[in-house]
Amino acid sequence: MRLLPVDTHGEYLIRSQFNSEALLTGLIEASEVHEYRSLVKRNHALICEGASTDYLYYIKEGVVSIRQGAYTFGFIGAGHFIGLDTLLMHNKPRYTVRILETTEMYIFDRLEVMEYLFSLQEGWIFFYLLEKEARNRLLKYQHFMTYKGSERLEAMLLDLAGTFGSHNDELITLPKCFTKRRIADYANFSLNTITSLIKQLHHTEFLAPSKEDIYFRIQNQI
């Protein structure tokens with residue numbers, strides 16, 4: 001059952017006025033907020049598990065991973081904020097966010113963002129929807145873990161392809177940052193297991209042959 005305050009605004013109003021793009025526009029236009037743009041090199045940790053941060057990030061272009069303890073449970077790309085879920089209470093994050101390829105982003109001061117959101121009559125909706133987005137990401141990962149073997153790998157690759165893939169008429173290609181080791185970690189397989197599964201998916205023609213260190217070239221399913 002949905003929360004009543006969200007219902008009263010309607011689904012269309014929520015999507016059009018309280019999404020990440022709308023929040024970014026509002027922050028950039030707000031006089032009390034001073035954003036700056038940056039190119040961040042790969043392997044840099046934006047947020048470290050257990051360490052408080054004073055910044056909020058918005059990915060304009062690039063890919064980051066989300067890791068908790070020994071497990072990678074998600075990836076975030078362009079058009080998303082990072083760190084909003086710890087903004088209000090300044091809680092220590094329970095995950096690490098690491099840059100996978102050179103990423104262009106906006107960086108905001110945490111206190112300035114809070115001041116802006118509290119100045120809005122319905123600023124809480126941004127907190128609600130973006131927290132829900134983070135929760136759904138974790139639920140999706142848990143759902144993937146209910147699959148076994150090649151079915152799990154197929155489902156996870158198709159999901160990544162829908163978000164990060166480059167499309168042509170025949171193939172959907174994942175960026176080079178999605179290495180075999182990184183996908184093995186995400187899918188909770190050993191390197192030996194994922195090597196065997198990749199061979200299976202080549203045999204069934206779900207995957208096209210690897211090319212120039214790109215392991216995941218997915219045959220267009222349409």
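Analyst: F75 and F178 are both buried, where buried means under 20% relative accessible area, exposed over 50% and partly exposed in between (1.4 Å probe, protein chains only). The model is predicted, so local features need pLDDT of at least 70 and side-chain atom pairs count only at pLDDT 80 or more, while totals for chains, interfaces and linings use all residues. Residues are numbered from 1 along each chain as its sequence is written, and side-chain values use heavy atoms, with hydrogens and water left out.

Rings of Phe, Tyr and Trp (its six-membered ring) pair if their centres lie within 6.5 Å; planes under 30 degrees apart count as stacked, over 60 as edge-to-face and the rest as tilted. By this rule there are ten aromatic pairs. In one of them, the ring centres of F75 and F178 are 5.0 Å apart and the planes stand at 75 degrees, so the pair is edge-to-face. This pair links distant parts of the chain, 103 residues apart: F75 belongs to strand β5 (residues 71-76), and F178 to the loop between β10 (171-173) and α7 (180-187). Helices (H or I, at least four residues) and strands (E, at least two) are DSSP runs, numbered from the N terminus.

F178 also forms a tilted pair with F164, at 5.3 Å centre to centre and 45 degrees between the planes. F164 lies in helix α6 (residues 149-164), 14 residues from F178, and both are buried. Ring pairs join F75, Y141, F164, F178 and Y186 into a cluster.

Strand β5 also holds T72, which is buried at a relative accessible area of 5%. Contacts of T72 (heavy atoms within 4.5 Å) beyond four places in sequence include Y141 and Y186.
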